[in-house]
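Work through the following exercises with the sequence and the model open side by side. Each task is followed by a solution in steps.

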2 protein chains.
Amino acid sequence: MRLTRQTNYAIRILMYCAANEGRLSRIPEVAAAYSVSELFLFKILQPLVEAKLVETVRGRNGGVRLGRPADQISLFDVVRVTEESFAMAECFENDAADCPLIDSCNLNSALREALNAFMTVLMKHSIADLARDRTNMRALLNISEIAPARVAN
Amino acid sequence: MRLTRQTNYAIRILMYCAANEGRLSRIPEVAAAYSVSELFLFKILQPLVEAKLVETVRGRNGGVRLGRPADQISLFDVVRVTEESFAMAECFENDAADCPLIDSCNLNSALREALNAFMTVLMKHSIADLARDRTNMRALLNISEIAPARVAN
């Protein structure tokens, strides 16, 4: 049981943007901070942009910023966008007909209840909660006080 | 996020034994009921036997049975034995030093809290809960009323 790498880095991108609030974050700098490729980050950004968790500004001074305040983006908001599947077992899926117990087993409902409890906790934690120590985070992520790109309104 | 195939079949083996309570369940019959190989089931049985969730009886009339009553085996008891890792993200692991935020991020504790909520639900559900409709289960699993192997005391 593990979150995907996509989810992990989606949360990191959002934390970077939260630490760099009020300014645009440039992908090459985010990629350098986390030692991953820009291409990988672009792939992860796509669903985040579609879900309006992140906004992009194009152009030479472009970059990304949070789509809404960090305290209004929960970990659940991220996970529902970035996790490919919440099928905890094959009996969550329509084509799981190979298990003879599919219609008379309570495993599916027990796992759903457990998954709901998991998600309920994620709803309580926001990106702002994760990025509370902003000064320290900016230092760790090597975000300069004078950011290279300003927010274009 | 998904449970491993090992966990899925461990639960199914235990459900088979619960449906066949008072008798030994033979691996070829369990394998046939779930359309998997005997070798795969033997691999899954090993940690279940070590954790005393299942007992094996050797010999021509041998087989497996639950190590304790089905209502005393929770889904949590199974999952803790069969899941390889509960590292929800790489920052759960000691060698996750590649994330610069490792010491100043609350993601790890948020995910731990969510995982605890998940496990707390699994603790409330037993193998007996899953296998409550015993008559129907026996029919679905093709367990005959006169079992080929009796419990050897």
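**Exercise 1.** Determine how the axes of helix α1 (residues 5–19) of chain A and helix α3 (residues 38–50) of chain A are oriented, and list the residues in contact.

Solution. The two axes come within 10 Å and cross at roughly 80°. Axes here are lines fitted to C-alpha atoms, for helices over the stretch in contact, with angles from 0 to 180 degrees between N-to-C directions. Helices are DSSP runs of H or I with at least four residues, strands are runs of E with at least two, and both are numbered from the N terminus. Angles under 35 degrees count as roughly parallel, over 145 as roughly antiparallel, 65 to 115 as roughly perpendicular and the rest as oblique. α1(A) and α3(A) are therefore roughly perpendicular to each other.

Next, the residues: α1(A) brings Gln6(A), Tyr9(A), Ala10(A) and Ile13(A), and α3(A) brings Leu41(A), Ile44(A), Leu45(A) and Leu48(A). Two residues are in contact if their C-beta atoms, placed from the backbone, lie within 7 Å. Sorted by class, this contact has 7 nonpolar residues, 1 polar and no charged. Nonpolar means Ala, Val, Leu, Ile, Met, Phe, Trp, Tyr, Cys and Pro; charged means Asp, Glu, Lys and Arg; the others, Gly among them, are polar.

The model is predicted: local features need pLDDT of at least 70 and side-chain atom pairs count only at pLDDT 80 or more, while totals for chains, interfaces and linings use all residues. Residues are numbered from 1 along each chain as its sequence is written, and chains are lettered from A and ligands numbered from 1 in the order in which they are written.

**Exercise 2.** Repeat the analysis for helix α2 (residues 27–34) of chain A and α3(A).

Solution. These axes come within 9 Å and cross at roughly 110°. That makes α2(A) roughly perpendicular to α3(A). From α2(A), the contact uses Ile27(A), Pro28(A), Val30(A) and Ala31(A); from α3(A), Glu38(A), Leu41(A) and Phe42(A). The class count is 6 nonpolar, no polar and 1 charged.

**Exercise 3.** Compare the length of α1(A) with its expected span, and state how many of its residues are buried.

Solution. α1(A) has 15 residues and reaches 21 Å from its first C-alpha to its last, close to the 21 Å expected at 1.5 Å a residue. The expected span is 1.5 Å times one less than the number of residues. Of the 15 residues, 13 are buried. Buried means 20 or more other C-beta atoms within 10 Å of the residue's own, exposed means 12 or fewer, and partly exposed lies in between, with C-beta atoms placed from the backbone.

**Exercise 4.** Identify the buried residues of α3(B) and what they pack against.

Solution. Leu41(B), Ile44(B) and Leu48(B) are the buried residues. They pack against α1, α2, β1 (54–57) and α4 (75–82) of chain B. Just after α3(B), Lys52(B) takes a positive phi of about 60°.
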